[in-house]
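Let us walk through this structure one piece at a time. Keep the sequence and the 3D view open side by side.

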Amino acid sequence: MKKCAILFVLYCLCTAGWAQDSLHVKLDSLLQHPMFEVSQVGLMVYDLTDDQMLYERNARQLLRPASTMKLITAITALDHLGGDYQLKTRLYYTGDIAEGKLVGDIYCVGGFDPMVDDTDLAAFAQNIHRLGIDTLQGNIYADNSMKEALEYGEGWCWDDDNPRLNALSVGRRDVFIEQLVKAMTRDSIVMQDVRTGEWRCPDTAALMAVRSHNIDELLLRMMKKSDNFYAEALFYQIAKAIAEHRTAKAADARTAVKRLIRNVGLDENSYRIADGSGLSLYNYVSAELLVRLLRYAWRNNRIYSHLLPSLPVAGIDGTLEKRMRKTAAEGNVRAKTGTLTGISSLAGYCTAVNGHELAFCIINQGVLRNQTAKAFQDRVCKVLCE
C-alpha cells in the first residue's frame with residue numbers, strides 16, 4: 001500500500017509539472033504574436049489553490065490599468081468599508097412646523113450616492129408630508145460638502161465626456177433640488193416664496209428623512225457595466241471614511257489604497273494611484289499588484305463574496321457578454337475589463353480543468369487596435385481554462 005501511495009504522489013507531481021510546462025509553452029507561443037514587436041504587455045497567472053505563481057511576463061512593469069483600476073477601488077472599499085456599507089442621502093430642516101406649515105429651510109445633504117433616482121425623490125416628498133408638512137415657506141439648500149469641490153478626477157482628458165463629480169445628483173446631473181421641488185409639488189406640498197441654492201447644513205438642523213442604497217447595488221453596475229461615475233462615487237466613500245468629520249478628498253482614498261498595497265506585501269510607493277475609475281492617465285500599476293489584490297480578496301470571504309458576483313462573466317453578461325463564446329472560458333472567466341486609447345486590460349478569476357482556482361491579469365499597452373489586444377486576452381483565458 002505504501003508503495004502504491006508513493007507512486008500515486010509521484011504521478012500527481014509529474015502530471016502537475018507537465019501541465020505547468022504545457023501552460024508555459026502555450027503562453028510563450030501566444031506572446032510571439034507580431035503585436036508585441038510594437039507594444040507592451042504585463043501578464044501574470046497565479047494558482048490560488050496551490051498558492052503559487054504559474055506564469056509571468058513583465059509582471060512588475062508599470063502600466064496604465066484603464067478600468068481594471070475599478071478592481072483596486074472595489075477591493076479597497078470592501079476591505080475598508082465592509083459589505084454591509086450603505087450610501088446615504090439625507091434631508092434636514094430648521095425652523096418650526098405649525099398647522100401643517102414649515103417656516104424654515106430644508107437642507108439636502110449629499111452622500112455621493114450615484115443611484116439616487118425619481119423613486120427616492122418621491123419617497124423624500126412622502127416623508128416630508130408624513131411629518132405633517134403640507135406647506136413650505138423658506139428655502140431648499142443643496143449641501144455638497146461631503147467631498148472636495150473638484151468636479152473631475154486628476155489626470156482626466158479634457159475632451160472626454162465625463163460626468164461631473166457632484167455629491168448630490170440625480171441621473172448624474174446636478175438637478176437634485178429641482179427634481180425634489182417637482183416631487184414635493186406632485187405630493188401636494190405647497191411652495192410659498194421658496195428659493196433654492198447651496199449652503200452647508202447647520203449642526204442644529206433636525207433630520208427629516210434618509211434614503212440609502214447598499215454597496216452591492218453600486219458594485220453590480222460599476223463592474224458589470226464599467227461605470228466610471230459609480231467608481232468615483234465609491235472612491236469618495238473610501239475617502240469619507242478616512243476623512244470622518246471633514247470634507248473628503250481624493251487624496252484620502254489614495255491613502256487607503258496605499259495602505260492595502262502595503263498590507264499585501266508590496267511597496268506602496270512603487271505605484272501611482274490617481275482616481276477610482278481608471279480614467280486618469282496618471283495611474284500606474286502592475287499585473288503583479290492586481291493579482292496580489294485578487295489573491296487577497298479570494299482569501300477573505302467578506303470581500304470575495306461581494307466582489308465575485310459583480311464581475312462580468314465571459315460570454316454571459318456585462319462587458320464580457322460577447323467575448324469568449326463557445327470556448328472553455330465561457331461562463332468560467334469572471335473578470336474586469338479595461339479600455340482606453342492604446343490600452344486594453346483584463347483581470348480576474350477562472351477555474352482550470354484540474355479544479356484549481358486561478359487569478360490572472362493582462363495589461364496590453366501601446367496597441368493601435370484594442371480588438372487585437374482583446375483577442376490575445378481571450379486566447380490566454382482559453383488556455384487557462386482548457
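Predicted model: local features only at pLDDT ≥ 70, side-chain atom pairs only at ≥ 80, totals over all residues.

Residues are numbered from 1 along each chain as its sequence is written, and side-chain values use heavy atoms, with hydrogens and water left out.

Start with the sheet. It is open, has five strands in the order β2-β1-β10-β9-β8, and pairs them antiparallel. β2 (52-57) and β8 (334-340) are the edge strands, each pairing on one side only. On average, neighbouring strands are turned by 5 degrees against each other, direction ignored. Helices (H or I, at least four residues) and strands (E, at least two) are DSSP runs, numbered from the N terminus. Two strands pair if DSSP finds at least two bridges between them.

Look at β9 (residues 343-351) and β10 (residues 357-365). Nine bridges join them in the antiparallel sense. Tyr-349 stands opposite Ala-359 in β10.

Helices pack on this sheet. Helix α8 (residues 287-298) lies across β1 (40-47), β9 and β10, at about 155 degrees to β10. Helix α10 (residues 370-385) touches β1, β8, β9 and β10, and its direction makes about 15 degrees with that of β9. Axes are lines fitted to C-alpha atoms, for helices over the stretch in contact, and angles run from 0 to 180 degrees between N-to-C directions. Contact means heavy atoms within 4.5 Å.

Next, the nonpolar cores. Such a core is a set of buried Ala, Val, Leu, Ile, Met, Phe, Trp, Tyr and Cys residues joined through side-chain atoms within 4.5 Å. Buried means under 20% relative accessible area, exposed over 50%, partly exposed in between (1.4 Å probe, protein chains only). The largest core has 69 residues, and Met-222, Leu-307 and Tyr-349 touch the most other members. Helix α6 (residues 228-243) gives the largest share, ten residues. Leaving out residues up to four places away in sequence, Leu-307 touches Leu-71, Ala-74, Ile-75, Leu-78, Met-223, Ala-297 and Tyr-349. A second, separate core of 31 residues includes Tyr-55, Ala-314, Leu-346 and Phe-376.

Now helix α2 (residues 69-81). Eleven of its 13 residues are buried, so α2 is largely enclosed by the rest of the structure. Among the buried ones are Leu-71, Ala-74, Ile-75 and Leu-78. After α2 comes Gly-82, with a positive phi near 95 degrees.

Is Val-103 buried or partly exposed? Val-103 is partly exposed, at 45% relative accessible area. This residue is found in strand β4 (residues 101-109).

Finally, charge. Side chains of opposite charge can pair when their charged atoms come close. The structure holds 17 salt bridges, each a side-chain nitrogen of Lys or Arg within 4 Å of a carboxyl oxygen of Asp or Glu. One joins Arg-254 and Glu-154 (3.1 Å, N to O). These two are 100 residues apart in the chain. Arg-254 counts as buried at 16% relative accessibility, whereas Glu-154 is partly exposed at 30%.

Asp-227 forms a salt bridge with Arg-172 (2.2 Å, N to O) and another with Arg-221 (2.7 Å, N to O). Asp-227 is buried, at 6% relative accessibility. Arg-172 is partly exposed at 31%, and Arg-221 is partly exposed at 38%. Elsewhere, Asp-51, Arg-295 and Arg-299 are linked in a network of salt bridges.
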